[in-house]
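Please read the points below beside the sequence and the model.

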Amino acid sequence: MTGDRPPNLLIVLPAWNEEEALPGVLRELHEALPTADLLVVNDGSTDRTSAVARRAGAMVVDLPLNLGVGGAMRAGYKFAARNDYDIAVQVDADGQHAPADVARVVGALATEQADVVIGARFAGTGSYEVGGPRRWAMKLLSLSLSKVAGTRLTDTTSGFKASNRRAITLFAADYPAEYLGDTIESLVIASRAGLTIRQVGVEMRPRQGGTPSHNPAKAALFLGRAVLALVIALSRPAATAAGEKS
Amino acid sequence: MSGYYFAWACCLALVVFLVVLLRRRRLREKYALTWIVVALGVCVLGAFPGVIENIATAVGVVTPSNLLFAMALILLLAVCIQLSVEITGLEEETRTLAEELALLRFDVETLQGSNAPEGTSTAPDGATTTPDGPTGSSGGSRRGA
């Protein structure tokens, strides 16, 4: 960053082979939030994600390897921490999250006095449905994580998340790269570090391009891995953070 | 009796092989040490088979060879776990380096003025106002993928 005073809000989009959806998403985000900076963390894409993002005017951090969402996001939080952003918002690059909701999620940081605000898909707004084992897993996760976080969370695997400076500092140092680590475990880390977590209902839209990274056939396996991730995350010692356990 | 000599020669060859690897710096000492200790132990057992029988009697294992097998399995298990731990550490190190590399590259591009939004304004704009000069020259060619 040069001498310009950096704006407060950074929108981080972890992107892995999202060249189709990305330009539209970036344009919409810029229209919805003209003052926000857009950062695309290119997670080792093999397509033209990086070039497309640059052309759309976003800042691009190119990871040399595919680290997964968690890896890309830790790089994003490091970027936010080092460049002194006050708020970082994680938004999916595939256009599932409505740009109009970003302002609401960010706004909730202040109104709810929260450190982390999740844009939740099952909180009344929009109509997002999943079925089968995946649904049970999500139910179970919601219940357990609500208990851990001390607040009602209905969508723990959401990739839509706003973090304030305190959370950015924590996540820049500790954001798991493992499967589900970027969602479930990061929430456990945050709540055990004493951060306040809240949620806001958001609308989910169909993907604007590319193929979903979640294979429906793996839904059953998801349950087991989710429970394992949760149990292990809970059994870990709490992260050394800016606050104490609440 | 020739079987003993053969086994003993194998153990000795193992020790020599490990030392050679160490000398050529193909193997780090922290990994080699375990193996050298094991190889020397096996050499001793090979040379004096009576030792294992005594140990077996002492710990209550009827067949001495079973004690050897059990010990070998436990040892291999321990080595596997150690390697998994080391790989996890390496992956975390790789991840950190990849992040740092990406962030550094961003800084370099920014300093060179080749990162479009930094060169023009802090707020990213549509494709119309920030022509993609740098995209063609640096963005596209640099990524090897």
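1. A:Val89 stands opposite A:Ala162 in β6(A). The pairing of β4(A) with strand β6 (residues 161–163) of chain A is antiparallel and has three bridges; two strands pair if DSSP finds at least two bridges between them. Strands (E, at least two residues) and helices (H or I, at least four) are DSSP runs, numbered from the N terminus.

2. Before going further, the conventions. This is a predicted model, in which local features need pLDDT of at least 70 and side-chain atom pairs count only at pLDDT 80 or more, while totals for chains, interfaces and linings use all residues. Residues are numbered from 1 along each chain as its sequence is written, and chains are lettered from A and ligands numbered from 1 in the order in which they are written.

3. Strand β4 (residues 87–90) of chain A is covered on both faces. A:Ile87 and A:Val89 lie on one side, A:Ala88 and A:Gln90 on the other, and all are buried. A residue is buried if 20 or more other C-beta atoms lie within 10 Å of its own, exposed if 12 or fewer, and partly exposed in between, with C-beta atoms placed from the backbone. β4(A) also pairs with β1(A), in the parallel sense, over four bridges. In β4(A), A:Ala88 has A:Leu10 opposite.

4. Strand β5 (residues 116–120) of chain A is mostly covered, with five of its five residues buried. In a regular strand the side chains alternate between the two faces of the sheet. From β5(A), A:Val116, A:Ile118 and A:Ala120 point one way, and A:Val117 and A:Gly119 the other.

5. β5(A) has two pairings to note. With β6(A), β5(A) runs antiparallel, joined by three bridges, and A:Val116 stands opposite A:Ser163. With strand β7 (residues 197–201) of chain A, β5(A) runs parallel, joined by five bridges; there A:Val117 has A:Arg198 as its bridge partner.

6. Which residues of helix α1 (residues 22–32) of chain A are buried? They are A:Leu22, A:Pro23, A:Val25, A:Leu26, A:Leu29 and A:His30. Seen down the axis of α1(A), these residues fall within an arc of 165 degrees, so they line one face of the helix; the arc is that of the directions from the helix axis to the C-beta atoms. An α-helix has 3.6 residues a turn, so residues three or four places apart point the same way. The buried residues of α1(A) pack against β1 (9–15), β2 (37–43), α2 (49–55) and α4 (99–111) of chain A.

7. A:Leu22, in helix α1 of chain A, counts as buried because 30 other C-beta atoms lie within 10 Å. Beyond four places in sequence, the contacts of A:Leu22 include A:Ala15, A:Val40, A:Thr49 and A:Ala93; two residues are in contact if their C-beta atoms, placed from the backbone, lie within 7 Å.

8. A:Thr157 lies in the loop between α5 (132–149) and β6 of chain A. A:Thr157 is buried because it has 22 C-beta neighbours inside 10 Å. Leaving out residues up to four places away in sequence, A:Thr157 touches A:Met138, A:Leu141, A:Thr183 and A:Ile184.

9. Chain B has six helices and zero strands. Of its 145 residues, 12% are buried. The UniProt record (unreviewed entry) puts "transmembrane region" at residues 6–22, 31–52 and 67–85 of chain B; such annotations may be inferred rather than shown by experiment. Residues 6–22 of chain B are 100% helix, with end C-alpha atoms 24 Å apart. Residues 31–52 of chain B are 91% helix, and there the end C-alpha atoms are 26 Å apart.

10. Confidence in chain B needs care. pLDDT, the predictor's confidence in each residue from 0 to 100, averages 76 over chain B. Helix α4 (residues 64–112) of chain B has the highest mean, 91, and helix α6 (residues 133–142) of chain B the lowest, 36. Over residues 118–145 of chain B, pLDDT stays under 50. Where pLDDT is low, the predicted coordinates should not be read in detail. For the complex, the predictor gives an ipTM of 0.78 and a pTM of 0.75.
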